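Tutor: Let us take this structure one question at a time. Keep the picture open while you read.

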Amino acid sequence: MTTRYETLKNNLKTEEMVINMGPQHPSTHGVLRLELITNGEVVNECIPHIGYLHRCFEKHAEALTYPQIIPYTDRMDYLASMNNNHIFAMGVERMLGIEDRIPKRVEYIRVLVSEMNRIASHLIAVGTYGIDIGAFTPFLWCFRDREHIMNLLEWASGARMLYNYIWVGGLFYDLPVGFEERCREFVDYFKPKLNELDILLTDNQIFINRTAGIGILPLDVAINYGCSGPMLRGSGLKWDLRRVDNYSVYPEIEFEIPYGKGEMGQVGDCWDRFKVRIDEIKESVRIMEQCLDRLQKELKRTPDFDPRALAPKKCFPKHMEYYMRGESPKGELGFYFIGQERSEIPFRCKARGPSFNNLSVISEITRGAMIADVVAILGSIDIVLGEVDR
Amino acid sequence: MLEKIKSIITEKFGREVILAEDTETLQPGLTVEASRIAEICRELRDNPDTYFDFLSSLSGVDYGPESGEFGVVYHLASIPYRTLFVLKVRVRGTRDVNELPPVPSVSEVWRTAEWHEREAYDLVGIRFSGHPDLRRILLPDDWEGHPLRKDYKTAESYQGIKIDY
């Protein structure tokens with residue numbers, strides 16, 4: 001049977017031209033190849049080719065114990081390793097049946113570092129989006145602010161990007177002494193910077209002209225294509241797994257779910273997705289503050305507190321099957337485990353990456369767009385190729 | 001929820017399409033007949049009582065050479081009802097890479113299944129009949145074999161070049 005791809009390639013018209021964007025192209029955010037069938041400046045069809053960064057996560061996972069897989073999850077979405085660790089660890093904890101016994105302090109530290117990582121990830125998304133469009137300054141400003149988060153997380157975990165900090169049943173170490181105070185200093189420093197970023201980029205008329213009304217993703221298409229995270233919320237749906245599934249300590253924390261309203265163009269355009277990310281940074285700062293309040297008051301550090309106390313010596317799951325989903329900065333990150341009786345090694349560990357599903361919609365929303373807009377659309381999807389290819 | 005979905009399926013497709021049910025597991029699930037999976041998915045998506053409009057994940061599973069079975073696991077989510085449900089199919093298949101076990105494609109029901117099924121075809125080696133664009137997705141087009149199969153042997157050479165591990 002001929003595939004759709006072959007049919008497309010065999011039926012090229014005379015006026016059409018095939019242009020390869022990538023795999024080495026600065027605006028594809030990694031090694032992604034987009035095959036564009038164009039008619040002049042207009043894109044008739046966009047065919048993504050992925051797999052250049054495939055590192056066999058699922059195959060590796062079938063040979064390693066559950067705690068040993070955590071460093072591999074770091075390398076999936078390498079801009080938000082804490083979130084990957086958190087969701088993976090929660091999934092294994094539910095299979096072990098110990099998720100109710102995790103101490104509150106551990107949970108609050110997990111949420112704190114996850115939200116810090118969410119801010120860092122969104123800062124990259126916002127900064128590189130600016131540079132895709134042609135605004136250089138926001139990129140440098142975002143990286144400057146992200147650097148502070150990297151330094152703080154390095155202080156806590158010992159690594160700058162690939163942390164392996166959240167373990168099954170606990171944490172690698174408790175936070176270092178003085179971490180909470182330094183976090184507060186960062187929050188105080190960071191809040192005014194967000195206003196500067198708004199003035200520089202969000203309300204910038206050139207930026208709005210490039211993004212508003214471009215790459216409109218209707219809500220039904222977004223749901224049908226399995227889009228999640230800021231992609232889905234940008235299309236106008238209040239859907240956040242932190243609220244839907246109420247995992248960890250998120251039910252105790254107050255935050256809003258930003259969603260696209262079509263302020264500048266139509267609901268679901270590139271600007272809406274961008275705006276959702278900007279608003280999420282602000283919400284994450286709120287969550288950070290609430291976590292710090294608890295961590296400095298009722299959940300204060302005590303000398304005898306051991307964050308590894310619950311970490312199992314041997315990970316023999318009680319339940320043999322579980323699908324864990326959680327909200328990573330890119331969207332719904334899912335892990336599907338099939339366990340084996342009396343074994344620490346999973347039989348199957350499938351990772352459902354949000355970027356993978358978000359990217360699959362690109363051929364739908366670039367049809368009929370200009371080539372220059374493909375860059376704007378791809379940037380607004382905010383993919384990490386490490387997670388697309390796993 | 002399991003009982004409700006069971007009654008919807010039996011009413012529409014008959015009792016014999018449900019082969020097994022998972023009641024012990026943390027998440028409720030049903031194993032259904034593989035040849036009817038596309039219709040069942042469409043019904044569960046369109047039925048106003050279930051409304052599973054979001055396919056969270058689709059995983060191909062190789063249950064090992066001893067059982068001789070392959071499976072596909074569908075994680076369905078409903079946005080208005082905030083529910084999650086697991087559907088499974090199992091097919092018998094030989095280990096021969098020229099005779100991949102067939103499962104009907106659900107890419108007509110959810111477009112997101114298109115890439116998930118390509119991934120399952122690529123890594124596990126399940127042929128999704130009715131899929132519009134069944135090509136390898138993560139591995140190169142000229143790759144031999146399906147790496148997530150339990151009896152997969154790592155290749156000794158690629159394109160005539162010897163691989164040293």
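**A covered helix and its surroundings**

Student: What covers the buried residues of α3(B)?
Tutor: Helices (H or I, at least four residues) and strands (E, at least two) are DSSP runs, numbered from the N terminus. A residue is buried if 20 or more other C-beta atoms lie within 10 Å of its own, exposed if 12 or fewer, and partly exposed in between, with C-beta atoms placed from the backbone. Contact is C-beta to C-beta, within 7 Å. The cover of the buried residues includes, from chain A, α2 (57-61) and α13 (354-360), and from chain B, β3 (54-62), β4 (69-78) and β7 (127-129).

Student: What kind of model is this?
Tutor: Residues are numbered from 1 along each chain as its sequence is written, while chains are lettered from A and ligands numbered from 1 in the order in which they are written. Local features need pLDDT of at least 70, side-chain atom pairs count only at pLDDT 80 or more, and totals for chains, interfaces and linings use all residues: this is a predicted model.

Student: How many residues of helix α3 of chain B are buried?
Tutor: Among them are B:Trp115, B:His116 and B:Tyr121. Charged B:Glu114 and B:Arg118 are buried too. Helix α3 (residues 113-123) of chain B is largely enclosed by the rest of the structure, because the buried count is 11 of the 11 residues.

Student: How many residues does each chain give to the contact between A and B?
Tutor: On the side of chain B that touches chain A, the elements giving two or more residues are β3, β4 and α3 of chain B. β3(B) gives the most, six residues. Chain B gives 30 residues in total, and chain A gives 32 residues.

Student: Are α1(B) and α2(B) parallel or oblique to each other?
Tutor: Axes are lines fitted to C-alpha atoms, for helices over the stretch in contact, with angles from 0 to 180 degrees between N-to-C directions. Here the axes come within 11 Å and cross at roughly 125 degrees. Under 35 degrees is roughly parallel, over 145 roughly antiparallel, 65 to 115 roughly perpendicular, and the rest oblique. So the two helices are oblique.

Student: What classes of residue make that contact?
Tutor: From α1(B) come B:Ile5, B:Ile8, B:Ile9, B:Lys12 and B:Phe13, and from α2(B) come B:Glu39, B:Ile40, B:Glu43 and B:Leu44. Sorted by class, they are six nonpolar, no polar and three charged.

Student: Is B:Ser157 buried or exposed?
Tutor: B:Ser157 sits in strand β8 (residues 157-158) of chain B. Beyond four places in sequence, B:Ser157 is in contact with B:Lys162 and B:Ile163. With 8 other C-beta atoms within 10 Å, B:Ser157 is exposed.

Note on methods:
Contact = placed C-beta atoms within 7 Å.
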